[in-house]
Amino acid sequence: MIKPYKAIAIAAFTSGLSLVSASALARDTVNIVGSSTVYPFATVVAERFGRSTDFPTPKLESTGSGGGFKLFCAGIGTEHPDITNASRRMKSSEFEMCQRNGVEAITEVKIGADGIVIANSREAEQMDLSLRQVFLALAKDVPDPEGGDTLVANPYAKWSDIDTSLPRKDIRVMGPPPTSGTRDAFVEIAMEGGCKTFEFIKALEKKDMRGICHNMREDGAFIEAGENDNLIVQRLAQDKEMLGIFGYSFLMENSGEIQASTINGVGPTPDTIAAEQYPVARSLFFYIKNAHAGVVPGITEYAREFTSEGAWGDNGYLVDVGLIPNPRDVRMDTAKAVRKLKPMTGNEL
Amino acid sequence: MTDPGSQAELVRHSLRRRYRKERRFRFYGIAAIAVALFSLVILFTDIISKGYTGFIKTTVTLEVHLDGELMYLNDASDPDQIAMADFQAPIIKALQGYFPDAVSRADKRELSRMTGSYASNQVRDLLKENPGLLGSTRTIEFPAHDTVSVYVKHAGDPGYSIRLSEQQQRWTDELVRKGVIDNGFNDVFFSNGDSREPSNAGILGALVGSLLTMGITLVIAFPVGVAAAVYLEEFAPRNGFTDFIEVNINNLAAVPSVIFGLLGLAVFIGVFGMPRSVPVLGGLVLALMTLPTIIISSRAAIKSVPPSIREAAEGIGASKMQVVLHHVLPLAMPGMLTGSIIGMAQALGETAPLLLVGMVAFIVEIPDGFFSSATVLPVQIFIWAGSAEQGFVELASAGIMVLLAFLITMNAFAIWLRKRLERRW
């Protein structure tokens, strides 16, 4: 009859005990946070690293670039992550936040690039678009075509309505849903880039400007296709009128059926993306907390695996996952800097 | 004017209508059950039809000659040589035994994509553990590459697209005919943690993580919840303050779960400096989330114990504490367990609060304690469902089946416990 009471007492005691031992804990696994765009590359490296060395496989959390920096810059100590991935460069405000919290020495590693393409079927006419035209075709609200600094609901139905040089075809574009990193990047680079060509929008507060630029059409011209980029490719092959937005790696795999539109006159190729000539491209980075190297085992070794030719080189396994490698001389310099853990000065940002 | 004859007439007339009404009412009830059952059947058919292939793995069994010369290896116990050796070469060589024409660089590349990406690691680990095997010939079972596996399992299914080249398809057909490529029970799924390679990915890591997390949740939420309920119901004075507490507990039960994650982030990680992504942390957060459910159901269970039991016990001179511990608690225990199991089932399926405390992560190692990084079943399903590789579609559905099995086991245990406790009283 006393049993329930005893059980409660024991349970309460053990739970108290486990709480006490929670503090002060050494860590032997590298903790990585950051961008969901870099996540597929970093997980492949982490798993390879875990399988081919005696170090445990690093733990990866996909928190987004900004969330990653926030965690990374929170301080020194094993409760904070060792490496953060980012699909953009660290901002100087983030660098200062790091400095304030004692995260002084940080090594920056540029791992390569990622391009987003707007493509259609090879049997249709290849499009040549500017970012401004992309914005006008896909934004929910656009500047009044009659002139003036006011916004109206997007009136464009055909591409030729935007610019007479474009084909007389309905605007129908399939793209990724808001949960996707590709969508974030597309909205931030292409839509915002096109949007900022309007002076009065550029002059707005950042928040208001984003509200206008990041809002995609909801009247059926822009079709959310789900996370499956394969589906978009299949639809494009069937429907000649349709355009699709997806990551460069899918273009690469399906170049027999689809072709990419040139943007501002530049087509996506590994060279134009790596050189940042193609406008809808961005560099991918990761940042190492130097103070943790040597404390948490495996940090430098992981970074070396990432920066080895077998991984990020022209024929490395990351290319299979869709990474666009840096030019070889950039790779060589970066790999050298990684070996020495050369810290950032803050001036390069 | 009311005369009894017409009254009876009225009743007789309305009788048929009333019977009809009752029949209709019953029909609505049955229809409601049918709708629920129907959706359940659809759900299960969809999950099982999509997921059963997740329990099947495609393997490539090869006679591999562990040729030292081919691998640039003459001493397998030397770690430096191991690091520089080419363990893919003997696998390609073994495949070339079936396709002697495949000698060009491109062909070799395609051959190496027949087995999973970690096939060479398998050869390396074998040699590392048994350096004496160098030079011998071994039969090794490799997991097939994701694309080969999709082709073998799902060729012709419009839901899948075949990514193999025509040459590889021909090779695969040939190897299937020769029995080199075969399907078998997917034991990897039950013995591995997560992987980026569907053929190497398993649910065990998440299963152990869920078990550890749920353990912590139960150990904290149940005693605390029961103690709170007993005090509030049996000892606390009825005044404004206890009313205030009661209202707050009821409100807490309706708070969205992600709020508890924020709380965990701010308090457990921020103030107490607990490590991220560990089962203890997840368990604590989920315990806070389950606590109100347990308190409310425990209070209801205590209330339902008839007052006569309390009065009888008090009548023979039992103290208040004896009444509670010897009579009220054991009688209320089945009800408390039911409440706890509802709370635990809810916690088992939760991902939102765990996202904030870092348990939504890519974790390959199987957690070995309450303080090693872990993820839980619903998170694993979520991660797989969002992965690009086609092989993860079936794994996600298979993972759902494992989650449901876990849930049913947990419920069955609670029912068994309840039955036992009920029999004693």
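Over residues 207–414 of chain B, the predicted model is 76% helix and 1% strand, with the end C-alpha atoms 19 Å apart; helices (H or I, at least four residues) and strands (E, at least two) are DSSP runs, numbered from the N terminus. An unreviewed UniProt entry annotates residues 207–414 of chain B as "domain: ABC transmembrane type-1"; such annotations may be inferred rather than shown by experiment. Residues are numbered from 1 along each chain as its sequence is written, and chains are lettered from A in the order in which they are written. As this is a predicted model, local features need pLDDT of at least 70 and side-chain atom pairs count only at pLDDT 80 or more, while totals for chains, interfaces and linings use all residues.

The loop between α12 (257–271) and α13 (279–303) of chain B holds S277(B). S277(B) counts as buried because it has 23 C-beta neighbours inside 10 Å, the cut-offs being 20 or more for buried, 12 or fewer for exposed and partly exposed in between, with C-beta atoms placed from the backbone. Leaving aside neighbours within four places in sequence, S277(B) is in contact (C-beta atoms within 7 Å) with residues including K59(A), G358(B) and S373(B). F371(B) lies 94 residues from S277(B) in sequence and 8.6 Å away in space, C-alpha to C-alpha.

Turning to another part of chain B, the buried residues of α4(B) are P90(B), I91(B), I92(B), A94(B) and L95(B). These buried residues pack against β1 (56–65), α2 (68–71), α5 and α6 (119–129) of chain B.

Definitions and conventions: Contact = placed C-beta atoms within 7 Å.
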